[in-house]
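The following exercises are meant to be worked through with the sequence and the structure in view.

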Amino acid sequence: MASDKIICYDDAFIGKFERLKELTEAEDKSALYRFLLDHYGHICKLFQYYAKQSEQGCIQDFEQADEAIKRELMRPLSYRQYRMVERSFSRWEEEEWLVIWSIWDFLHDNGRIYEKKVMSSAEVCGCSMILENVYCCLAGE
């Protein structure tokens, strides 16, 4: 059982993920920016929810999940994902598209996205940090 506060790597998410790759390859900043806001913006809000609820010691959505989901929710970032977070903040003008690609690379995680059931709390945190930086790149900051 997973609640609406847990991001599942279901068919709908994978479809959006594959569309993210297409838009990134097209290098259309405005379309990609809008797509990320519409389909991935909730990740930043979810991170804030997790932070607030865990501070209060109660994340009922985690507690009510089945054991397999609970294990996945507590999965740490892979080494590659840590490197993606770091790389997304090492921005130089000539590497702008590397920063933009970092969101796809982070989620893809060397193909592991297709083996996972849900986004772990660590992934929600890392993804929200990368998204903020990608938004800045796309907005032309």
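**Exercise 1.** At what angle do H5 and H6 pack, and how far apart are their axes?

*Solution.* The model used here is a predicted one. In this model the angle between H5 and H6 is about 160 degrees, and their axes lie 9 Å apart. An angle over 145 degrees counts as roughly antiparallel. H5 and H6 are therefore roughly antiparallel to each other. Their crossing is left-handed. On the side of H5, the residues involved are Gln81, Met84, Val85, Arg87 and Ser88, and they meet Leu98, Val99, Trp101, Ser102, Asp105 and Phe106 in H6. Sorted by class, this contact comprises six nonpolar, three polar and two charged residues.

**Exercise 2.** Determine how helix H1 is placed against helix H6.

*Solution.* Begin with the extents: H1 covers residues 11-26 and H6 covers residues 96-108. The two helices pack at about 160 degrees, with axes 11 Å apart. H1 and H6 are therefore roughly antiparallel. The crossing in which H1 passes H6 is left-handed. From H1, the contact draws on Phe13, Phe17, Leu20, Lys21, Thr24 and Glu25; from H6, it draws on Trp97, Ile100, Trp101, Ile103, Trp104, Leu107 and His108. By class, nine nonpolar, two polar and two charged residues form the contact of H1 with H6.

**Exercise 3.** Is threonine 24 buried or exposed?

*Solution.* Locate the residue: threonine 24 belongs to helix H1. Its relative accessible area is 1%. The limit for a buried residue is under 20%, so threonine 24 is buried. Setting aside residues up to four places away in sequence, threonine 24 touches Leu32, Trp97, Ile100 and Trp101.

**Exercise 4.** Describe the largest nonpolar core and the surroundings of leucine 36.

*Solution.* The largest nonpolar core contains 41 residues. Those with the most contacts inside it are Leu20, Leu36, Tyr40, Leu107 and Leu131. Two or more residues come from each of H1, helix H2 (29-55), helix H4 (67-73), helix H5 (79-88), H6 and helix H7 (121-139). Turning to leucine 36, and leaving aside neighbours within four places in sequence, its contacts are Leu20, Gly41, Leu131, Val134, Tyr135 and Leu138. As general background, nonpolar side chains in soluble globular proteins tend to be buried together.

**Exercise 5.** Where are glutamate 27 and aspartate 109 found, and what are their phi values?

*Solution.* Glutamate 27 is in the loop between H1 and H2. Its phi is positive, about 55 degrees, although glutamate 27 is not a glycine. Aspartate 109 is in the loop between H6 and H7, and its phi, near 50 degrees, is likewise a positive value in a residue other than glycine. For comparison, most residues other than glycine have a negative phi. As for accessibility, glutamate 27 is partly exposed at 48%, whereas aspartate 109 counts as buried at 2%.

**Exercise 6.** Classify arginine 71 by accessibility and state its distance from valine 118.

*Solution.* Arginine 71 is placed in helix H4. With a relative accessibility of 58%, arginine 71 counts as exposed. Arginine 71 and valine 118 are 47 residues apart in sequence, and their C-alpha atoms are 9.8 Å apart in space.

**Exercise 7.** How many helices and strands does the protein have?

*Solution.* The count is seven helices and zero strands. Of the 141 residues, 45% count as buried.

Technical notes: Residues numbered from 1 in each chain as written. Predicted model: local features only at pLDDT ≥ 70, side-chain atom pairs only at ≥ 80, totals over all residues. Heavy atoms only, no water. Axes fitted to C-alpha atoms, helices over the stretch in contact; angles between N-to-C directions. Helix = DSSP H or I, 4+ residues; strand = E, 2+ residues; numbered from the N terminus. Parallel < 35°, antiparallel > 145°, perpendicular 65-115°, else oblique. Left-handed = near helix turned anticlockwise from the far one by under 90°. Contact = heavy atoms within 4.5 Å. Nonpolar A, V, L, I, M, F, W, Y, C, P; charged D, E, K, R; others polar. Core = buried A, V, L, I, M, F, W, Y, C linked by side-chain atoms within 4.5 Å. Buried < 20%, exposed > 50% of the residue type's maximum accessible area, 1.4 Å probe, protein only.
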